[in-house]
Amino acid sequence: MNKTSVYIHTPYCKSKCRYCDFPSFSGMEDTVSEYFSALSKEISRSVHRGKKIDTVFFGGGTPSYVNEKYIAGVMDTLRENFTLSENCEITIETNPGTLTKDKLSTYKDCCINRISMGMQCHDDRILSVLGRIHTSEDIINGVELINSVGITNYNLDIMCALPTQKLRDLEKSLEFAVKLNPTHISAYSLIIEEGTPFYDTWQELDLPDEEEERKMYHLCKDYLASYGYERYEVSNYAKEGYICRHNKYCWDYEDYIGFGSAAHSFCRPVRWENVADVHGYISAIKNNTSPVRTFEELTREDMIEEYIMLALRKTEGIEISRLREEFGYDILSHKSIELSALIKSGYVGINDNNLFITEKGFDIADSITLKLL
Ligand code: SF4
């Protein structure tokens, strides 16, 4: 409970990918300078100043798209206002089409020690259908640049269930990724979100069906396991010692503080979210008003439900004693009937203090989670 994470949002992208509904924008480069001034001001006036920070995550958008001086400036402001733990994990999300050696050297100089790169797949034709601004060669060059500045901890994001993608294509992407020797791989299925160009044309996209998608999920798990990437969350795999601490804190239901447009924060029992509109965010900060758009105080029941939902995403599952001590909820007695059926069917397991979904159970994880809420 005394761990706090910081998330910094960069809402800029060189161009929008066709599947993306994240709060990011292209063609707004003229606001970058003002945006980062506002961001520094938001950090400097935070009521959470002085807290100890164990992880920082620059997400977006594409943080690597903006000039590196802005990222270094945010790091300076964080150091002036917070205490960064000695081995603070500091991650920046990058797009291979935006990386340069100068940027990476600056990141290294300001103690950024983890790079997350959106690779998505190895196939230039599919990358172009997705609207990505990079090629497979850019991915290889990006990893070479990361290595050349001496940053050794890097993640590659892979996407499954892509237009025209077959199992064999995914296998080639996994092979391509593993050769680049990342410490961590995230593998998420494409979701067609309302409001994106893909949403209007999904019938023409030649997407894999549900059964094929399931096979892709299993291929990721088995292939990555054979190369020493252990799955610790539904879609996240790491070499030993390289679990992403920042994301783990979120699934562990720990506090996090977000800065920037659209940033979410959570300090139990309160959750709030900043306005997503970049101009709205800048003017709120400039006018010394709050950029917060929504604010919610969670009840004990809300928190129990959220804790269970997040914990069951992890292979380690629910910490039974923590649920009891922090929320006063004994899941073993409240859900004894459901649990005995799920355990009998081999979908759920219990060891000393953890209740978790088994390998077999992960295929129907959503329905198991619903039963345990
Ligand atoms: S680079 Fe990332 S944030 Fe930007 S549009 Fe593409 S998917 Fe969205």
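Reader: What covers the buried residues of H2?

Author: First, the basis. This is a predicted model, in which local features need pLDDT of at least 70, side-chain atom pairs count only at pLDDT 80 or more, and totals for chains, interfaces and linings use all residues. Residues are numbered from 1 along each chain as its sequence is written. Helices (H or I, at least four residues) and strands (E, at least two) are DSSP runs, numbered from the N terminus. Two residues are in contact if their C-beta atoms, placed from the backbone, lie within 7 Å. The cover of the buried residues of H2 includes strands E1 (4-10), E2 (52-60) and E3 (83-94), with helices H1 (32-44) and H3 (101-109).

Reader: Which residues of H2 are buried, and which are exposed on the other side?

Author: A residue is buried if 20 or more other C-beta atoms lie within 10 Å of its own, exposed if 12 or fewer, and partly exposed in between; C-beta atoms are placed from the backbone. In H2 the buried ones are Glu-68, Ile-71, Val-74, Met-75 and Leu-78. They share one side of H2, because they cover an arc of only 120° around the axis, the arc being that of the directions from the helix axis to the C-beta atoms. Lys-69, Asp-76 and Glu-80 are exposed on the other side of H2.

Reader: How many buried residues does strand E12 have?

Author: The count is zero among the six residues of E12 (292-297). E12 pairs with strand E11 (270-274) in the antiparallel sense over five bridges; two strands pair if DSSP finds at least two bridges between them. In this pairing, Asn-274 stands opposite Val-292.

Reader: Where are the cis peptide bonds and positive phi values?

Author: Most residues other than glycine have a negative phi, and most peptide bonds are trans. Here a cis bond joins Gly-60 and Gly-61, with omega about 20°, and Gly-61 is in the loop between E2 and H2. Another cis bond joins Arg-268 and Pro-269, with omega about 5°; Pro-269 is in the loop between strand E10 (264-267) and E11. Tyr-253, not a glycine, has a positive phi of about 65°, and Asn-288 has one near 55°.

Reader: Are Tyr-253 and Asn-288 buried or exposed?

Author: Tyr-253 counts as buried, because it has 21 C-beta neighbours inside 10 Å. Its place is the loop between helix H9 (245-251) and strand E9 (255-259). Asn-288, in the loop between helix H10 (278-286) and E12, is exposed, with 8 other C-beta atoms within 10 Å.
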